[in-house]
Amino acid sequence: MSIWLPKKASKGRIREAENARKNRQEIVKAFSQGQITRRDLFKWGLFTVAGGLAWKHGLNPFVRSAYASGNIPTGLPPSPLFGVLPFSQPMPRFDVLQRNPNPFAFLSPAPTKEANTTQQPVPAILGGGTGPIEGRPGGPIWAHQRWEQFLPQVAIEATQLGAKNNTTYNPQVPSSLNSGIDPSTSLPVKFHPAWPTQAPNSVWTFNGTIPPKLAMARYGEPVLFRHHNGLPADVTQNNGFGRHTISTHEHNGHHGAENDGFTGAFFFPGQYYDYHWPIVLAGHFSVNTAATDINAGAPNGSGGITKIPGDWHETMSTHWFHDHMFSFTAQNVYKGNAAMFNLYSAKDRGNEAINDGVNLRLPSGRAKDWGNLDYDVNLMLADKAFDSQGQLSFDIFDTDGFLGDAVTVNLAYKPVFQVERRKYRFRILNGSVARFYKIALSDASPMIQIGNDGNLLPAPVTLTQLDQIGIAERYDIVIDFSRYSVGQSVFMVNLAEHDTGLMVSRDLSLSDALSGRSSDPGVGKFLELKVVRDPAVPDVSQVPAVLIPNPDLSKIPVAKERVFEFSDRASQSTTDPVSSAKGPWGIAAAGTRNVLNADFGRVSAQPKFGTREIWTLKGGRNWDHPIHIHFEEGQILAREGSLANVPAWERGRKDVYRLRPDGEVKLTMQFRDWGGMFMEHCHNTVHEDNAMLLRWEINDSGAPFLRPLPTPIPTPQGVTFRNPTEVLPE
Amino acid sequence: MNRNGKEPNMKMRRALFAPVVLAVFAAVFGGPLCWNGSPARAADVLSSVGVAITGIVTGQPESVAFSGKAVVSSRVLDPTVVGGVAAVVLQINLTAVSGVGSSTRTKYVITGPEIPFRKFVGSDTLEITFPFYASGASPNTARTGVASFALNYDLATGMLTSATGTITSPNF
């Protein structure tokens, strides 16, 4: 069953579907604006016990229609395309966020170790009175860990805002490398130039603009990311979906928990939150502590390397950051709270010409010491849907997962990217809510996968079809366009067909995906790569046979093994009105089969600081969960009980573990360097919000804090703390 | 403050409209729907067959004739909900298939595997693409071939019973 109406649907059926959509949107709006809760929806019978939208005519798109026959679903009305053809607009490169030296002089007020609780007036609609200017929980527990040791050297500042024109677009590449886009031209928030401009509260992005934002940093250079919340104070000003409170997760930063974007550490309009990203190699305090290994390093700005402590086998390259607001992550990320973050190191320098025996010389460019973006391209894939007026639209009522019918790349609908006849690196992020992609080139030419989840693989893997990329996974690939002639085009094609948001219904052959016969509008070509010229200088980039070998954990004893089971039909054991959620999805932990809904006040696991553990993640037959474990990179030891089932492209380090239907993943991780409360959850963000998420925290980090940690309870007037609602047995 | 960011004394606009509408929905249309289902088979069905496979991939710098045994492994997943569709996770391994260049007699190797996810039907025709390159050369020099398989399952047991395959040139 597809959730989309067939192309030949009658006007009556489309009208009925549109009415159903409007009815649902009223409920979505009321929910997102806080007029009703998810508990209310259950109580009123509008959600089934399984979490789906009740089978009610005029509400659920799958209700059998009087105009339909048999089991043909009513479906949703298709997004209007306003006569636009695919591949009729250039793909914009990411908009690079300004890096500002000396954060203490640049930022006002200057950043502080503990949250800045200077009081400011709170709008009456948020309760009035006064509240702190910084939304970070106050006091020593949420102070930046090792602040004095890693004082920020770079400030990056952004404000979450409603849609507005971009007059400061900075792609950091010339127009010739950005498909001819003139960055000095004001860019309105449109997913296609011929589509309507998005209303200010239809889209909420970093700085309120598109293209999506890119942060850049190098190892050994601590960053202070100040995130202002400039969203409307009135929670109802959201055009029907999205929540104005936010928490920003640097996925998968190796930072202290106070900077992780904990789901319960959200902040309000008018506040900011200082996220401190030290950018250290994992093992900073236990491996290569004297910083003698030349492979553990950072670009020094003049062609050399600044050696740093830590394990260079833990070097990371491609991150992203996004909202993690409890129960509203799907809506907020979909609405635009998603950006990417490139990390640069001695190994992955972003300079293809420096030949020092350390630098891998991956496709990038050569003009700058590090961070050349000329041939190093970020791609964010996200499927969207639009209402009849062309405004971004969202539907929470399919708790299987939301699917859009318009695939965008860098928030542009099916664009064209101009390339030269040479090698390019593409950092591909699946920034969707529930859609998986399986990518091939339209001529089936080989691609070289070099990274998975932001980590360079031990060795490159040559593929003609990438594996399915789950939500939040990142695949770094290299494509060599020298095989094509100037004027030729090749397309990226999605082979993964969905019927629902639960999982891919089937992978199509390339022929079938190109045929246009799929009922899923997300299948087929989504990005044209047009070869426009020969490179001006020879391509000296490389794809070495050895990239970054895995850290060897075999000699580190396993302190504990844990099993987590991800399932539906969850129950809730707590009733805290702030931290406890209700939904069909949940996680069984602590050695039980008791599947529990999320409660960010519940502590479900407490690995000890400095140890290594093995975690087994179990899925179910009817769905595929991309499970994200915060903070530490893991290595997959087995799938379905055997290392032989782990393909080469998953033999590096990962932070999102796609379970596959009825699958089981066994992985190992260390817990080092930083402490606090972190999360584990499904990154199908609809599953996460409904309520497949748990909190775990690192015990005995040496910090003089209570264990388990008290739970932050944010309000506009300040953050209070409560004891955990529940601590599951170890 | 509750989970949805509301202060108890917070002034809400239009606070009553949606609940009233929803309450009417709930009253008129009744209670929730329960899904109850049981799997046809108690556990995943694992099976594997070897497939003798041959074929020629034409193109530059030379045509390559492939032969060997492909291994097709299947894991059939029955749905556990009413209306669900049985699915199969395949793993197709071509590493025991190799090629010989028509003019240089160079040996060509294939890496893998490919892991397609399909709906479970009695007979399935599946086409995958694969990279191959001269043995000892860099995988970065890879070319592309196409392998087509006809797979037959026992619908009752879920076992993969037979398979045939051929290798051809890509023509997309």
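Student: Where in chain A does A:Phe87 lie?
Tutor: In this predicted model, phi of A:Phe87 is positive in a residue other than glycine, near 60 degrees. Helices (H or I, at least four residues) and strands (E, at least two) are DSSP runs, numbered from the N terminus. A:Phe87 lies in the loop between helix H2 (38-43) and strand S1 (95-96) of chain A.

Student: How are residues and chains numbered or lettered, and what limits apply to the values?
Tutor: Residues are numbered from 1 along each chain as its sequence is written, and chains are lettered from A and ligands numbered from 1 in the order in which they are written. In this predicted model local features need pLDDT of at least 70, side-chain atom pairs count only at pLDDT 80 or more, and totals for chains, interfaces and linings use all residues, while side-chain values use heavy atoms, leaving out hydrogens and water.

Student: Is A:Asn288 buried or exposed?
Tutor: A:Asn288 is not a glycine, yet its phi is positive, about 50 degrees. Its place is the loop between strand S10 (272-277) and strand S11 (297-299) of chain A. Buried means under 20% relative accessible area, exposed over 50%, partly exposed in between (1.4 Å probe, protein chains only). The relative accessibility of A:Asn288 is 18%, so A:Asn288 counts as buried.

Student: Which residue does a cis peptide bond join to A:Asn690?
Tutor: Most peptide bonds are trans. Omega is about 10 degrees at the cis bond in question, which runs between A:Asn690 and its partner.

Student: Which residues of chain B are in contact with A:Ser509?
Tutor: A:Ser509 sits in the loop between strand S27 (504-507) and helix H5 (510-515) of chain A. At 7% relative accessibility it counts as buried. Contact means heavy atoms within 4.5 Å. Apart from neighbours within four places in sequence, A:Ser509 is in contact with A:Leu495 and, in chain B, with B:Arg118 and B:Glu127.

Student: How many residues has the largest nonpolar core?
Tutor: A nonpolar core is a set of buried Ala, Val, Leu, Ile, Met, Phe, Trp, Tyr and Cys residues joined through side-chain atoms within 4.5 Å. Those with the most contacts inside the largest core are A:Phe426, A:Phe481, A:Met492, A:Leu529 and A:Trp696. Strand S15 (residues 376-386) of chain A gives the most to this core, six residues. The core has 115 residues.

Student: Which residue is the bridge partner of A:Ile614?
Tutor: Strand S33 (residues 612-618) and strand S38 (residues 664-670) of chain A pair in the antiparallel sense over seven bridges. The bridge partner of A:Ile614, in S38(A), is A:Thr668.

Student: What percentage of the residues in chain B is buried?
Tutor: Chain B has one helix and nine strands. From the N terminus on, its elements run α-β-β-β-β-β-β-β-β-β. Of the 172 residues in chain B, the buried ones make up 43%.

Methods: Pairing = 2+ DSSP bridges.
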